[in-house]
Amino acid sequence: MVDSALSNLQSSVILLMGPTASGKSRLALDLAEQLPIEIISVDSALVYRGMDIGTAKPSQSERQRVAHHLIDLIDPLESYSAAQFRADASRLIAAIQQRGNIPVLVGGTMLYFKALREGLDDLPQADAVTRAQLDRQAEQIGWPGMHAELARVDPATAARLSPNDSQRIQRALEIWHLTGKPMSAHFQERPLTLSPHRYLPIALEPSDRHKLHERIEQRFDQMMEKGFLDEVRALRARGDLHLGLPSMRCVGYRQAWEYFDGQVHALQMREKALAATRQLCKRQLTWLRGMEDRIVIDCLQPALLSPCLAALRAQSALV
C-alpha cells in the first residue's frame with residue numbers, strides 16, 4: 001500500500017542520480033520497501049554481460065527483491081548508444097506505469113538522463129574508418145595530444161573534457177571530421193525536444209568531496225578482493241576484446257587491461273583507476289549542477305531514505 005502522501009507519484013518518473021559511490025543503488029533498494037517501484041538502470045557499463053565486479057552490478061538476490069531493467073543487455077563486443085537507451089527507457093517507463101508501478105531511473109550516466117529528458121542531437125553515426133584513423137593518430141601523439149587537437153578545432157568541447165578522456169575526445173574529433181563542424185556547434189543548433197513525462201530528479205551529492213573519494217578508494221579495494229582482476233583476465237582470454245571498444249574503456253577495466261599488458265605495475269594501476277574514477281565523479285557533478293530543477297540530498301548522511309521520502313512527499317503535494 002502506497003503512503004497516501006505519495007499516491008500522486010504513480011504518474012511520475014523518479015530520477016535517482018549521483019556520482020560514483022554516492023549510494024544510489026542502496027537507496028533504490030530501500031525505496032522498493034516503501035513504494036511499488038521498478039528500477040531502470042541508467043549506467044552505460046551495466047549493459048554489458050560478464051562485467052559484474054568492476055561495474056558494481058546489482059547481485060542476483062538484489063534483482064530478485066525488485067525488478068531491474070537494462071542490465072546485461074549486450075556482449076562487451078557490442079556497443080550501446082544514448083539513442084538506444086532513450087528508446088528502451090521510454091518503452092519501459094510506459095510498461096511499468098501500465099503495471100501500476102513507479103519507474104525509478106537509477107545511475108550516473110548523465111548523458112542518458114539528458115537524452116531522455118531533452119531528446120538527442122542529430123549527430124552522425126560512428127564511422128569505423130574515421131575511428132581507426134584517430135586511433136592510429138592517438139598511438140603516435142597520445143590522448144593529451146589529441147585533446148590539444150580538439151582544442152584547436154572545437155575549444156568549447158575540449159574545455160569540458162579531460163585530456164585523458166579518450167572515448168569522448170575521439171567522438172568529438174570524429175564528428176568534426178565527418179561533418180566539418182565542431183560538436184559544440186551541433187549542440188547549439190539542436191531544437192529542444194522535451195519528454196512528456198513528469199520527472200522528479202533527486203541528486204545525491206557529497207557535502208565533502210574528499211569523503212566521497214575515500215568511499216571510492218574503499219569500493220575499488222573491495223572490488224579487487226572480490227576478484228576484479230580475475231574478471232578482466234577472463235575477458236582478455238576471449239581473444240576478441242580490445243581497448244578500442246567502449247566496454248573495455250570503462251573506468252577500471254581500461255587500467256586493469258593496461259596492467260595485464262605490462263604498461264603499469266599493480267600500484268600504478270590502482271592509482272590510475274582511482275584518478276579516472278575521481279575524474280568521472282567530477283564530470284558527473286558538473287552535469288548535475290546544470291540541472292536546476294534537481295532536489296539535492298547530501299549522500300554522506302548516514303541514512304538517505306528519510307530525506308528522499310520527504311522530498312518525494314513534497315513533490316507529490318505539488319501535483
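The crossing of helices α11 and α12 is right-handed (a crossing is right-handed if the near helix is turned clockwise from the far one by less than a right angle, and left-handed if anticlockwise). Contacts here join Gln255, Ala256, Glu258 and Tyr259 of α11 to Ala266, Met269, Lys272, Ala273 and Ala276 of α12. Contact means heavy atoms within 4.5 Å. Helix α11 spans residues 253-260 and helix α12 residues 266-289. Their axes lie 9 Å apart, at an angle of about 160 degrees. Axes are lines fitted to C-alpha atoms, for helices over the stretch in contact, and angles run from 0 to 180 degrees between N-to-C directions. The two helices are therefore roughly antiparallel (angles over 145 degrees count as roughly antiparallel, under 35 as roughly parallel, 65 to 115 as roughly perpendicular and the rest as oblique).

The model is predicted; local features need pLDDT of at least 70, side-chain atom pairs count only at pLDDT 80 or more, and totals for chains, interfaces and linings use all residues. Residues are numbered from 1 along each chain as its sequence is written, and side-chain values use heavy atoms, with hydrogens and water left out. Helices (H or I, at least four residues) and strands (E, at least two) are DSSP runs, numbered from the N terminus.

Six strands form an open sheet. Their order is β3-β2-β4-β1-β5-β6, and the pairing is parallel. Two strands pair if DSSP finds at least two bridges between them. Strands β3 (68-69) and β6 (295-298) stand at the edges. Each has a single partner strand, so one side of each is left without a neighbour in the sheet.

Strand β4 (residues 102-107) pairs with β1 in the parallel sense, over four bridges. In this pairing, isoleucine 14 stands opposite valine 104 of β4. Leucine 16 stands opposite valine 106 of β4. Strand β2 (residues 37-42) also pairs with β4 in the parallel sense, over six bridges. Serine 41 stands opposite valine 106 in β4.

Six of the six residues of β4 are buried, so the strand is largely enclosed by the rest of the structure. Buried means under 20% relative accessible area, exposed over 50%, and partly exposed in between (1.4 Å probe, protein chains only). Ile102, Val104 and Val106 point one way from β4. Pro103, Leu105 and Gly107 point the other way.

A "binding site" annotation in the unreviewed UniProt entry covers Thr20, Ala21, Ser22, Gly23, Lys24 and Ser25. UniProt positions are given in the numbering used here, feature names are shortened, and annotations may be inferred rather than shown by experiment. Threonine 20 lies in the loop between β1 (13-17) and α1 (24-32). Its relative accessibility is 11%, so threonine 20 counts as buried. Residues up to four places away in sequence aside, threonine 20 touches Leu212, Ile216, Arg219, Thr277, Leu280 and Gln284.

Glycine 23 is also placed in the loop between β1 and α1. Glycine 23 is partly exposed, with a relative accessible area of 25%. Neighbours within four places in sequence aside, glycine 23 contacts Leu204, Arg215 and Leu304.

Arginine 219 belongs to helix α9 (residues 209-226). At 32% relative accessibility, arginine 219 counts as partly exposed. With neighbours within four places in sequence left aside, arginine 219 is in contact with Thr20, Ala21 and Ala56. Aspartate 293 lies 74 residues from arginine 219 along the chain, and their C-alpha atoms are separated by 30 Å.
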